[in-house]
Amino acid sequence: QVCLHISMDKIEKQYVGFATLPNQVHRKSVKKGFDFTLMVAGESGLGKSTLVNSLFLTDLYKDRKLLNAEERINQTVEIIKHTVDIEEKGVKLKLTIVDTPGFGDAVNNAECWKPITDYIDQQFEQYFRDESGLNRKNIQDNRVHCCLYFIPPFGHGLRPVDVEFMKALHEKVNVVPLISKADCLTPSEVKKLKDRVREEIDKFGIKIYQFPDCDSDEDEEFKQQDKELKESTPFAVIGSNTVVEAKGQRVRGRLYPWGIVEVENQSHCDFVKLRNMLIRTHMHDLKDVTCDVHYENYRAQCIQQMTSKLTQDSRIESPIPILPLPTPDAETEKLIKMKDQEQDKRGAATEGSRHSPSLNQENR
Ligand SMILES: Nc1nc2c(ncn2[C@@H]2O[C@H](COP(=O)(O)OP(=O)(O)OP(=O)(O)O)[C@@H](O)[C@H]2O)c(=O)[nH]1
Ligand SMILES: [Mg+2]
């Protein structure tokens, strides 16, 4: 026991204690909770609404009645935001899904991506405002962290509209391309289409979300998983709102006269790979890239615009950009009042202890 005591003493001396930093971060972030926003986009009828339903409702709403009913999803006609708060082993996640109406119903599809890019910009703008506002402590982050772009399974690769659409998005959001309704294709057709799409993404300079490189000290299994993930893009997916019976088990799938397609069967499609990527392995990286690359771009543009406006205006000589202040609404007024009162209180305290009103004035 004495020996143990001495060795513990030695350890204590060798460590200052900053090895606990990761634990501190862990505790703090678990307390705060996480949030994630996912968006879907693409032509009408490709199964966007069905997929997001399959993607999250399978695990998230296990006991919801909706699952077992043969629920038909209606056509999406406006951008709809669904938010669910989920908890797993004490970790809280606020998940937001932004379902968008598909394009293709209009005769002219020029700029069909506009409502979607506008939506993404609006979220950035809101965040930028909040960040430069009074109350920065509890900013709600509604920025879109990932956009699943649906490519049709028919056809021979990307259409011009797909290229333009993804290019309109790629500087603003992490684009993850998917081949939809993969049950229409045989395995060799899936492979051919995937190769083709990958080639075209390169050829047209579309910057889709890049999975980060694997560290060299990761174990072999992880490296293999990472390699498979990178080779599977664009993920070929199948969605379904019905639960069918296959080999005595109830599974989410599609029942055809010639058999059953199982959504979560890895030999039928890449649905599980996509879900694991989004939730288990890359959620944090998607958020980091959104914040460090896409939002930073937006911010830089905003600041640049403001500075150029100021330099144009010869009456103002300050090189520091001044934010256009929105007219204060009731909420802001209340906040200002609260902060004033807080300061008054603090001022009074210092006044009391120092007996010097002039000092107090300076403190302000
Ligand atoms: N074969 C097949 N059909 C699917 C799949 N996913 C969805 N569908 C069917 O495709 C039709 C359209 O699905 P939705 O999910 O409404 O498509 P959407 O992309 O949301 O359409 P919009 O809301 O108009 O943009 C429905 O009848 C679905 O049952 C799939 O993976 N394979
Ligand atoms: Mg829809």
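1. Strand β8 (residues 249-256) pairs with β9 in the antiparallel sense, over four bridges. Two strands count as paired if DSSP finds at least two bridges between them; strands (E, at least two residues) and helices (H or I, at least four) are DSSP runs, numbered from the N terminus. Within this pairing, Gly253 has Glu262 of β9 as its bridge partner.

2. The structure is a predicted model, in which local features need pLDDT of at least 70, side-chain atom pairs count only at pLDDT 80 or more, and totals for chains, interfaces and linings use all residues. Residues are numbered from 1 along each chain as its sequence is written, while chains are lettered from A and ligands numbered from 1 in the order in which they are written.

3. The strands β7, β8 and β9 form, in that order, an open sheet with antiparallel pairing. Its edge strands, β7 (243-246) and β9 (259-262), each pair on one side only.

4. Which residues of α6 are buried? They are Leu193, Lys194, Val197 and Ile201. A residue is buried if 20 or more other C-beta atoms, placed from the backbone, lie within 10 Å of its own, and exposed if 12 or fewer do; in between, it is partly exposed. The face of α6 turned away from the buried side carries exposed residues, including Ser188, Lys191 and Asp195.

5. After α6 comes Gly205, with a positive phi near 65 degrees.
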